[in-house]
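Let's take a walk through a protein together, from its surface to its inside. Have a look at the fold below before reading on.

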Amino acid sequence: MSIKHILLALFVALAWGLNFVAVKTAFVEIPPFLFLTLRFLACSLPLLAFVPRPKIAWKYLLGISVFQWIAHFSLIFIALYLGMPGGLASVVLQSQILFTIVFSCLWLKSRLNLMQFLGVLVALIGMGLIGLQTGISGNLIAFVLLVAAAATISVANVMYKKIGDVNMLSLVVWSSLIPPLPMFALSLYFEGWTQIVHCCQCMSWISAAAIGYTSLVSTLLGLSVWAYLMNRNDPSHVVPFSLMIPVFGLSSTALFLGESLDFITVSACTVVMLGLGINQWPVLKPLLLRSAVKRSSTPIALARLLLYKS
């Protein structure tokens, strides 16, 4: 990956890490399915007349809409609405890396090496610890929903690689046109017409800003950039940068929402991140080596490089 693509990937990780603050803040006033309806309306309708339909098969457009938008975000938002802390959710969702590797092996004929296998094993141990702890705290259902959400986004990750060269902004806008109808139907069924009208009439500027952030920054901009990176690089090279999402997610929810995690959960999160780091070491090592080479003009840096290579 080029430096430009690395910086873009870090930007997306920051945008998605802050997204948990916006969603949890909006849930004070807006229930999840209504929030998703408004979010995707804001993503699609304002730009639909200006952005042409992407030149891809309808099965991919519908597939991304179903897996990326409807299933993925519904599962996340229900989990957050059930009380799952936003910072912890950002960690659990990184299991998408494991699912992406599995699906890449199945559909893109990628191969799983020993380090990736060990990383998957360690990460699964950490995920098991998180699942055990959330079960004790009464959030096991929310945990299972988040794991399922990670699996759905992994399917979309592979689809981005298979669709070829396409205008990613067009893809995001047109695929966002499909979710509002099923989301509104779910909102009408579970949340009720009375609550929908009340929320729309009494919405504060904070909730409106949260919808604006999640639709414009997180979805339109963030996912357009992410899809662009997935399309122009090997998915296994891009996905490791999502490891930064929990860093931004945990720090931002602690700073703005006052969320805290107990020692066992923090330890489990550390095990997950360690496993994902091991899993992605074959990809991260060349990046670290190139960075070390650029800094090797001084004797100390050169010594560090020699130690690293040994």
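Which helix gives the largest share of the nonpolar patch? Helix α6 (residues 114-136) does, with seven residues. Before going further, a quick word on what you're looking at: this is a predicted model, where local features need pLDDT of at least 70, side-chain atom pairs count only at pLDDT 80 or more, and totals for chains, interfaces and linings use all residues. Residues are numbered from 1 along each chain as its sequence is written, and side-chain values use heavy atoms, with hydrogens and water left out.

Areas here come from the Shrake-Rupley method with a 1.4 Å probe, and for residues only the protein chains shown count as cover.

Trp281 belongs to helix α15 (residues 281-294). Its relative accessibility is 32%, so Trp281 counts as partly exposed (buried means under 20%, exposed over 50%, partly exposed in between).

**The whole protein**

Zooming out, you'll find 16 helices and zero strands; these are DSSP runs numbered from the N terminus, helices being H or I with at least four residues and strands E with at least two. Of the 310 residues, 49% are buried. The accessible surface comes to about 14,500 Å², and 73% of that belongs to carbon and sulfur atoms.

**A covered helix**

Now for helix α8 (residues 168-175), where seven of the eight residues are buried. Those buried residues pack against α2 (32-48), α3 (58-81), α7 (140-162) and α11 (205-232). One of them is Ser175, which counts as buried because its relative accessible area is 1%. Leaving aside residues up to four places away in sequence, Ser175 touches Leu61, Ile64, Ser65 and Trp69 (a contact means heavy atoms within 4.5 Å).

**Rings inside**

The structure holds twelve aromatic pairs. Rings of Phe, Tyr and Trp (its six-membered ring) pair if their centres lie within 6.5 Å; planes under 30 degrees apart count as stacked, over 60 as edge-to-face and the rest as tilted. Here are two of the pairs:

| Pair | Centres apart | Angle of planes | Kind |
|---|---|---|---|
| Phe40 and Phe73 | 6.0 Å | 70° | edge-to-face |
| Trp69 and Phe73 | 5.7 Å | 20° | stacked |

Phe40 in helix α2 and Phe73 in helix α3 are 33 residues apart, so to speak a link between distant parts of the chain. Trp69 and Phe73 both lie in helix α3, four residues apart, about one turn of the helix. Phe40 is buried at 0% relative accessibility, and Phe73 is buried at 7%. Ring pairs also join Phe27, Phe35, Phe40, Trp69, Phe73, Phe77 and Tyr81 into a cluster.

Arg39 gets involved too: its charged end sits over the ring of Phe40, 6.0 Å from the centre, and over the ring of Phe73, 4.3 Å from the centre. For that, NZ of Lys or CZ of Arg must be within 6 Å of the ring centre and within 35 degrees of the ring normal.

Conventions:
Buried means under 20% relative accessible area, exposed over 50%, partly exposed in between (1.4 Å probe, protein chains only).
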